[in-house]
Structure formats: C-alpha cells, structure tokens
Amino acid sequence: MLRKLIVFAMLFLSIALMYACSKNEDKIVPEELKITFSVPSNFPSPAYNFEDNKLTNAGFTLGKKLFYEARLSADKSVSCGSCHQQFAGFTQLDHRVSHGVNNCQGKRNTPPLFNLAWQKAFFWDGGVKNIETSPLNAITDACEMGTDIETIVAFLKNTAPYPNLFNEAFGSSEINTQRVLKSITQFTAVLVSGNSKYDKVMRKESGATFSSVELAGYNLFKEKCSSCHTEPFFTDFSYRNNGLDLVSADEGRSHITGVSTDFGKFRVPTLRNIEYTSPYMHDGRFYSLDEVLEHYNSSVKAAPNLDVRLKNGIKLNDAEREQIKAFLKTLTDNEFIKNTLYSEA
C-alpha cells in the first residue's frame with residue numbers, strides 16, 4: 001500500500017511539473033527580471049524612447065517570440081532570427097547576401113541589429129525612416145520572408161499561444177498590424193551593444209586599459225577612419241561611395257532619393273562587433289578585415305561621387321594594419337553576443 005502511494009505521489013508530481021512547464025514555456029523573461037532600456041553612459045540620448053510603445057516584460061517576450069517565429073514566412077522556414085543571428089552580432093554569418101524563403105538569395109548583405117534606437121533611418125539605403133515599420137521590408141521581400149502582414153496577422157489570430165501573449169502584452173487578445181510591429185520593436189530596440197572593452201576604457205572603468213598595440217590602433221583609427229566611422233557608434237549614419245567597383249550594379253541610395261549623385265552610395269556601417277559580422281560591405285564581397293583594409297589601401301575605384309576622403313585611399317603598412325585590427329577587436333561586446341536574454345528559447 002505504501003509503495004502504491006509513493007508511486008501515485010511521484011506520478012502526480014510529474015504531471016504537475018509538466019503542467020507548470022507547459023504554462024511557462026512562453027515566459028521567456030524570468031518574472032523577477034524587469035526588462036529595461038539602458039543607455040550606456042558614453043552614448044547620447046536615443047532617437048527612439050518607447051513613449052508610445054511602453055516597454056514591458058510581456059511585450060518583450062512577445063516580440064522575441066515573433067522575431068524567432070519561422071512560421072511567419074511564406075514557406076515556414078525563415079524567421080527574422082534566421083538572417084539576424086545573435087552569435088554573428090545579429091547578422092548572417094558567412095552569407096554574402098541575405099538568404100530567404102525557397103532558397104532565394106537577395107542582393108544585399110544582412111545588416112547587424114543593435115543600437116537601432118539611435119538610428120533615424122534603416123537599411124543600406126536608408127529607405128525606411130521608422131524602426132517600428134522596418135520589419136515590413138523583410139516580411140514582404142520575395143527573397144526574404146515572402147509574405148505580407150495581413151497573412152501574418154491572420155496566422156497569429158488562429159495560432160496558440162499568440163492570442164494569450166497579445167492579451168498579456170496589450171491588455172486584450174486583439175491582434176493587428178500595429179501591435180505586431182510594436183511588439184517586435186520592444187525586442188529589437190532593446191538590443192543595445194555598449195559594453196565592449198572600448199566602452200569600458202572610455203568610461204574609465206577599473207582595470208580597463210588598451211594594450212600598446214590597441215592604443216596605437218586607436219590613434220591610427222582616429223587619424224584615418226573616424227571621420228566616417230564616428231564614435232561612439234562607429235558610424236556617422238551617412239551614405240557614401242567608398243570606391244567599390246559596383247559589380248552588382250546596385251543603385252544604392254539613389255534608388256530611394258532619385259538623385260543621380262547618390263548612385264552607389266551606401267550607409268556607413270557600424271564597426272561595433274566587426275569581429276563577428278563578416279562578410280563585409282553592402283554586397284558581402286569581403287570575408288576578412290584584411291580584405292577590407294587592402295581595398296582602402298590599394299583598390300579604391302575612382303567615381304564622380306567618390307567620397308573625397310578616399311581620393312588617395314587609406315595607406316597602411318603591415319604593422320599599422322595589425323594595430324588597426326587589434327583596436328577593432330576592442331569593439332567586440334561579448335556580453336551582448338552571449339546574452340541569453342536575446343537568444344532563441
């Protein structure tokens with residue numbers, strides 16, 4: 001009799017634990033942890049501040065689940081997280097260009113996703129001006145997710161646990177375009193990378209110092225690179241022609257502005273986490289930092305709208321290249337790259 005009671009108790013406990021786990025499978029954020037948007041002390045004020053999109057644990061949890069939900073794509077194979085992989089600085093490791101549904105390949109390299117709250121325009125050509133609407137580009141692109149927002153809304157309305165998650169995030173189970181986009185933004189706008197070795201040195205944190213090689217690289221960087229890759233974001237968010245041969249015939253910024261002098265201009269990319277975000281350039285043509293540095297050293301192509309700073313290239317000898325690379329690696333934010341709060345559950 002005692003044995004039967006013990007077996008029954010263990011069975012009851014197992015069922016209870018399974019039920020508890022199933023109830024909490026979508027609780028991506030521990031209840032004791034309050035999701036916040038933190039501005040590093042060496043950063044300016046952001047452009048996006050959540051005034052009209054109150055940041056909550058439930059909203060972040062929903063946005064994160066949508067970010068990693070492959071069933072939102074046309075063939076159920078591609079999520080936002082497929083092209084924006086955390087271990088690659090939220091870009092797509094080893095893919096020259098974006099790789100979407102039906103094995104389709106786009107024409108541009110996947111940009112990294114972090115510090116988006118400080119941006120006022122998005123993508124290589126600046127074609128989108130609002131962080132909240134930026135996912136629509138990937139959703140509707142035939143070589144990315146290949147669908148439309150109406151189809152996604154219909155899917156979410158009829159798929160558990162989404163009605164409950166929207167209710168927790170917004171106070172009702174109504175699912176519409178605005179709520180989908182706002183919840184995704186609650187995830188992507190919180191992706192702040194500002195705790196690299198460089199940041200710790202700039203904030204004069206205890207024990208944080210550059211090595212002699214890193215310091216030499218930093219001084220070289222300020223002399224030769226910082227006019228475009230401006231601190232602390234290591235981009236000035238401008239669009240420039242950097243002397244590529246444009247073998248892809250990508251119009252670049254002129255596709256958005258209609259201005260001929262913008263042909264072949266692309267956004268100056270951030271250099272933060274550059275150690276992880278290869279391949280490089282708008283078309284992913286360079287797979288290593290050595291290739292990038294050699295381009296600026298010897299392969300800048302003349303063009304009517306070539307950036308004036310690159311008229312004579314950027315000459316670096318072998319020692320200087322090693323110094324520059326050593327400094328660039330201080331921009332790696334390993335805590336951000338490995339933060340499980342941002343990882344797919």
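User: Where is P161 found?

Analyst: Helices and strands are DSSP runs, numbered from the N terminus (helices are H or I, at least four residues; strands are E, at least two). P161 is found in the loop between α5 (149-157) and α6 (162-170).

User: What kind of model is this?

Analyst: Residues are numbered from 1 along each chain as its sequence is written, and side-chain values use heavy atoms, with hydrogens and water left out. Local features need pLDDT of at least 70, side-chain atom pairs count only at pLDDT 80 or more, and totals for chains, interfaces and linings use all residues, since the model is predicted.

User: How many helices and strands does the protein chain have?

Analyst: Look at the extent of the chain before its parts. Along the principal axes, the C-alpha atoms fill a box of roughly 85 × 50 × 35 Å. In the protein chain there are 13 helices and 2 strands.

User: What share of the residues in the protein chain is buried?

Analyst: Relative accessible area decides this (buried is under 20%, exposed over 50%, partly exposed in between; 1.4 Å probe, protein chains only). The protein chain has 345 residues, and the buried share is 50%.

User: What is omega for the peptide bond between A160 and P161?

Analyst: Most peptide bonds are trans. The bond that joins A160 and P161 is cis, with omega at about 5°.

User: Is N102 buried or exposed?

Analyst: N102 is not a glycine, yet its phi is near 55°, a positive value. N102 has its place in the loop between α3 and α4. Its relative accessible area is 63%, so N102 is exposed.

User: Is F234 buried or exposed?

Analyst: F234 also has a positive phi, about 60°, although F234 is not a glycine. F234 lies in the loop between α9 (212-224) and β1. With 0% relative accessibility, F234 counts as buried.

User: How many residues apart in sequence are the parts that K107 and D250 tie together?

Analyst: A salt bridge is a side-chain nitrogen of Lys or Arg within 4 Å of a carboxyl oxygen of Asp or Glu. K107 and D250 form one, with the closest N and O atoms 4.0 Å apart. K107 lies in the loop between α3 (80-83) and α4 (135-140), and D250 in the loop between β1 (239-240) and α10 (254-257), so the parts are apart by 143 residues.

User: Which residue is buried, with a relative accessible area of 3%?

Analyst: K107 is exposed, with a relative accessible area of 51%. The buried residue, at 3%, is D250.

User: How far apart are the closest N and O atoms of R108 and D250?

Analyst: R108 and D250 are both buried. The two residues form a salt bridge, and their closest N and O atoms are apart by 2.8 Å.

User: Which residues are linked in a network of salt bridges with K107 and R108?

Analyst: The whole structure has 18 salt bridges. In this network, K107 and R108 are linked with D125 and D250.

User: In which helix does K325 lie?

Analyst: K325 and D290 meet in a salt bridge, 2.8 Å from N to O. D290 belongs to helix α11 (residues 289-299), 35 residues away, while K325 lies in helix α12 (residues 318-328).

User: What is the angle between the planes of Y198 and F327?

Analyst: Rings of Phe, Tyr and Trp (its six-membered ring) pair if their centres lie within 6.5 Å; planes under 30 degrees apart are stacked, over 60 edge-to-face, the rest tilted. The structure holds 26 aromatic pairs. Y198 and F327 form an edge-to-face pair, 6.3 Å centre to centre, with an angle of 80°.

User: Are Y198 and F327 buried or exposed?

Analyst: Y198 is in helix α8 (residues 197-202) and F327 in helix α12, 129 residues apart. Both Y198 and F327 are buried.

User: Over the ring of which residue does the charged end of R253 sit?

Analyst: A charge sits over a ring if NZ of Lys or CZ of Arg is within 6 Å of the ring centre and within 35 degrees of the ring normal. K222 lies over the face of Y218, at 4.2 Å from the ring centre. The charged end of R253 is 4.2 Å from the centre of the ring of Y239.
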